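These are my notebook entries on one protein chain. I record what I looked up and what I found.

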Amino acid sequence: MSRATHRDTQNQPLEATPPTPAVPAPASAQAGPVSHAIFRVARVHRMIAGQLLRRVGLHPGQELVMMHLWEIGPQRQTDLVRLLDSDAATMTRSIKRLENAGFVRRRPCPDDKRAVIIEPTTASQALRRDVERIWAELEDATTGDLTPDQQAEALHILRRVEDSLARTAAHTCRTGA
């Protein structure tokens, strides 16, 4: 995070923060140094994403809902839950906030009266440019000190970690453990 800069909600540049040394894992987490590092990185990444997204009135995760809607068009709310590996209550809150902000609208599903279709509004197109810019800024904050080769290696390793965790999750779901 040494090159990461933060911005507040008024779009004012914030000072670059000095690099902080890696926090050693507590003794009780010594058996999982990679897991502890992932936790720390994810926490800081989400914090920075939240700061950047606040500038456009979004909470972390809402930009992902919008990205899917912009990419694939109107979706049933249940399909968004599945696509984003979310839960129904969280998705309902996100959709309600996005609707209140004027970025999405709900309409009944013509095929299934129990389902609701979520679609991006015309107003959300300006938000799309902002979100794409924010994601580029977040990517720079995340990878700014890495060479292109290191970025490719990090991405490869993260995909392998995700695959491993997905296999474990699938096995856990099957066995009920």
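**Entry 1. A helix pair**

At what angle do the axes of helix α2 and helix α4 cross? I worked from a predicted model. For α2 (residues 62–72) and α4 (residues 88–100), I found axes that come within 10 Å and cross at roughly 75°.

From α2, Q62, V65 and M66 take part, and they meet M91, S94, I95, R97 and L98 of α4. Sorted by class, the contact between α2 and α4 consists of five nonpolar residues, two polar residues and one charged residue.

**Entry 2. V65**

I next took up V65, which sits in helix α2. Is V65 buried or exposed? Its relative accessibility is 1%, and buried means under 20%, so V65 counts as buried.

I looked up its partners, leaving aside neighbours within four places in sequence, and found L80, L84, M91, I95 and L98 in contact with V65. For one of these, L80, I also noted the C-alpha to C-alpha distance: 7.2 Å from V65, at 15 residues apart in sequence.

**Entry 3. H68**

I stayed in helix α2, where H68 is also found. With 25% relative accessibility, H68 falls between the cut-offs of 20% and 50% and therefore counts as partly exposed. When residues up to four places away in sequence are not counted, H68 touches G73, L80, L83 and L84. I also checked H68 against P120: the two are 52 residues apart in sequence, and their C-alpha atoms are 9.7 Å apart in space.

**Entry 4. D85**

Which residue other than glycine has a positive phi near 50°? I found this value at D85, which lies in the loop between α3 (77–83) and α4. The relative accessibility of D85 is 72%, and since exposed means over 50%, I recorded D85 as exposed.

**Entry 5. Helices α1 and α6**

I compared the span of each of these helices with its expected value. Helix α1 (residues 33–54) has 22 residues, which at 1.5 Å a residue should span 32 Å; its end C-alpha atoms are 32 Å apart, in agreement. Helix α6 (residues 148–175) has 28 residues and reaches 41 Å from its first C-alpha to its last, close to the expected 40 Å. After α6 comes G176, with a positive phi near 70°.

Which residues of α1 are buried? I listed H36, I48, A49, G50, Q51, L52 and L53. The buried residues of α1 pack against α2 and α5 (124–143).

**Entry 6. The chain as a whole**

Last, I noted the overall values. The chain holds six helices and three strands, and from the N terminus on its elements run α-α-β-α-α-β-β-α-α. Of its 177 residues, 26% count as buried. The accessible surface of the chain is about 11,900 Å², with 56% of it belonging to carbon and sulfur atoms. Among contacts with a separation of 6 or more, 51% come from residues 24 or more positions apart.

Key: Residues are numbered from 1 along each chain as its sequence is written. This is a predicted model: local features need pLDDT of at least 70, side-chain atom pairs count only at pLDDT 80 or more; totals for chains, interfaces and linings use all residues. Side-chain values use heavy atoms; hydrogens and water are left out. Helices (H or I, at least four residues) and strands (E, at least two) are DSSP runs, numbered from the N terminus. Buried means under 20% relative accessible area, exposed over 50%, partly exposed in between (1.4 Å probe, protein chains only). Contact means heavy atoms within 4.5 Å. Accessible areas come from the Shrake-Rupley method with a 1.4 Å probe; for residues, only the protein chains shown count as cover. Axes are lines fitted to C-alpha atoms, for helices over the stretch in contact, and angles run from 0 to 180 degrees between N-to-C directions. Ala, Val, Leu, Ile, Met, Phe, Trp, Tyr, Cys and Pro count as nonpolar, Asp, Glu, Lys and Arg as charged, and the others, Gly among them, as polar. The expected span of a helix is 1.5 Å times one less than its number of residues.
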